[in-house]
Amino acid sequence: MSLEVVLLFVDIAVDALGAAREEIDALNVYPVPDGDTGTNMYLTVSAARDAVREATGGDSGAELGDALAAFSRGALLGARGNSGVILSEMMRAIARRLARATAEERNAEVLAEALRLAAEAAYAAVGTPVEGTILSVARAAAEAAEAVREDPSARTRDVFTGAAEAARAALARTPTQLQALADAGVVDAGGRGLSVVLDAAETALTGRRPEPVLPRIGQHAIPIAQATTAQQPGGDLTPGGPAYEVMYLLDTDAEQVPALRERLAALGDSLVVVGDERLWNVHVHVDDVGAAIEAGIEAGRPHRIRVTHFHDQVTQQAARAEREAAGRPREGRCVVVVSAGPGLSSLFAEAGAVVVEGGPGRRPSTGDLLQAITGCGAQEVVVLPNDGDSVRAAQVAASTATQDAGVRVAVIPTQAQVQGLAALAVHEPGRGFDADVLEMTATARHARHGAVTVAARQAMTMAGPCEPGDALGVVAGDFAVVGSALADVATEVLERLVAGGGELVTIVSGADDPDGALAEHCTGWLAERHPFVDAVVYDGGQERYPLLLAVE
């Protein structure tokens, strides 16, 4: 399979899941009727697509192996929810098989084997496999693909045509396999999402857009689009079941995973653990959130931890649906800000912003940002990601909110927390939207920023080699100073920042400067060396960076 086909497929798959997202959300009754399966699968594939696009620049002449590696990692990092994590593991299995294909192998054979490996990976990832779900649809698709490959004249398109058709038929059977689906009169949401993805693969290879097969219960055809959240069981979301969804990325060795699975399986259900080598994506439904996170800590280093209370999630969805049904339009303007520490969160909240918790090792996902954008109830939203690695997630969330909810969203690509503070300081809701965004963008861009941290490992920086424990100075996102004392490095960073002129220095002390001694040293140095420059100090509480600095 060529890279051109891969690029075409990811675009078609993202568009198709985007169009089917609300429909799939409405089908979501198992394992928890929280109405987010379509959104989770859409965001998972979007993350994989974005990773491929970033790695290749959209150039079909790039290396296929590099693109497939980026696709795999993007799917793993971006996976959300039960079905999203399973889908990510399936896509990764397919990408791995395509990456090791040789020129002598028939494409049809490679793809059929890839689909078989994907189905096996899906079953292996789940703690307790249940039929009538995405797993059944995956297995049916794989079996059909294996049957097609037996024909020596079979082409690549024939494999996916057969797999997609079998998936649609298997999807229609899911209500006969799982009572929860039959009771609600719907097909499985995860299976429907997988069917959409396989249909997208068929479209990429043939140009045809298959019509979905209507599921049947008894003798009655049930149009998929008729499924609504109103048909989902009332009362408790999971009677007698867990109340929270816990997800996190985990840095650990593969040998630690079996014990982790066993520990988490004893705490709850809907357990899915996927990954390889050192990075894993963990998903589980539990009542004891702390115990689930502690299990991850015992196994390795959990990060980007996300906890969802099912009741709160559905309550928010119901309130949003009620507002839309009542014809109450969105109104006003809101600023959504990613914060790296409790003190910063307080500052942002006091300024009227909606805060999304983030920071090194726990950057917010696209879904977290999307929820903040759509949940604030505003018609106009400005997003301040305050971190270079979070800008793309913010842009995807903004695009989704505009497309699905009609929200007007602007992402200002702030690279640092102090840039976010500067931008928010000039935010004026009374201005026109474009004028407000322009002023905030200009202010953020003109805020020269730096930071001070401590080296965790040996490395080569722009300023030369560093050893663990060395003080590092950051200027505009690059390690520009290496020294032995934090105070000396901090003043060197300040000197470089104020050398270009400026009237105000913002100093944000972190968790590693609890008494503010380092910040006080900097204000004293400024008073002596640059007496006409004002300074303001905040207690940010951010981790890893004792000081964040900015000059305006």
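Trainee: Why is Serine 270 called buried?

Mentor: In this predicted model, Serine 270 has a relative accessible area of 18%. Buried means under 20%, and therefore Serine 270 is classed as buried.

Trainee: Where does Serine 270 lie, and what is its phi?

Mentor: Serine 270 belongs to strand β4, which covers residues 268–276. Its phi is positive, about 50 degrees, although Serine 270 is not a glycine. Most residues other than glycine have a negative phi.

Trainee: What makes Arginine 544 partly exposed?

Mentor: The relative accessible area of Arginine 544 is 45%. Arginine 544 sits in the loop between β17 (534–539) and β18 (547–551). Arginine 544 also has a positive phi, of about 70 degrees, without being a glycine.

Trainee: Which residues have the most contacts inside the largest nonpolar core?

Mentor: They are Phe9, Ile86, Leu115, Leu194 and Leu198, in a core of 83 residues. Helix α1 (residues 3–27) gives the most to this core, contributing 13 residues.

Trainee: How do you know that Leucine 115 touches other residues?

Mentor: Contact means heavy atoms within 4.5 Å. Leaving aside residues up to four places away in sequence, Leucine 115 touches Ile94, Ala142, Ala145, Val159, Phe160, Ala163 and Leu198.

Trainee: How many residues are in the second, separate core?

Mentor: That core has 24 residues, including Ala340, Ile412, Val474 and Leu548.

Note on methods
Residues are numbered from 1 along each chain as its sequence is written. This is a predicted model: local features need pLDDT of at least 70, side-chain atom pairs count only at pLDDT 80 or more; totals for chains, interfaces and linings use all residues. Side-chain values use heavy atoms; hydrogens and water are left out. A nonpolar core is a set of buried Ala, Val, Leu, Ile, Met, Phe, Trp, Tyr and Cys residues joined through side-chain atoms within 4.5 Å. Buried means under 20% relative accessible area, exposed over 50%, partly exposed in between (1.4 Å probe, protein chains only). Helices (H or I, at least four residues) and strands (E, at least two) are DSSP runs, numbered from the N terminus.
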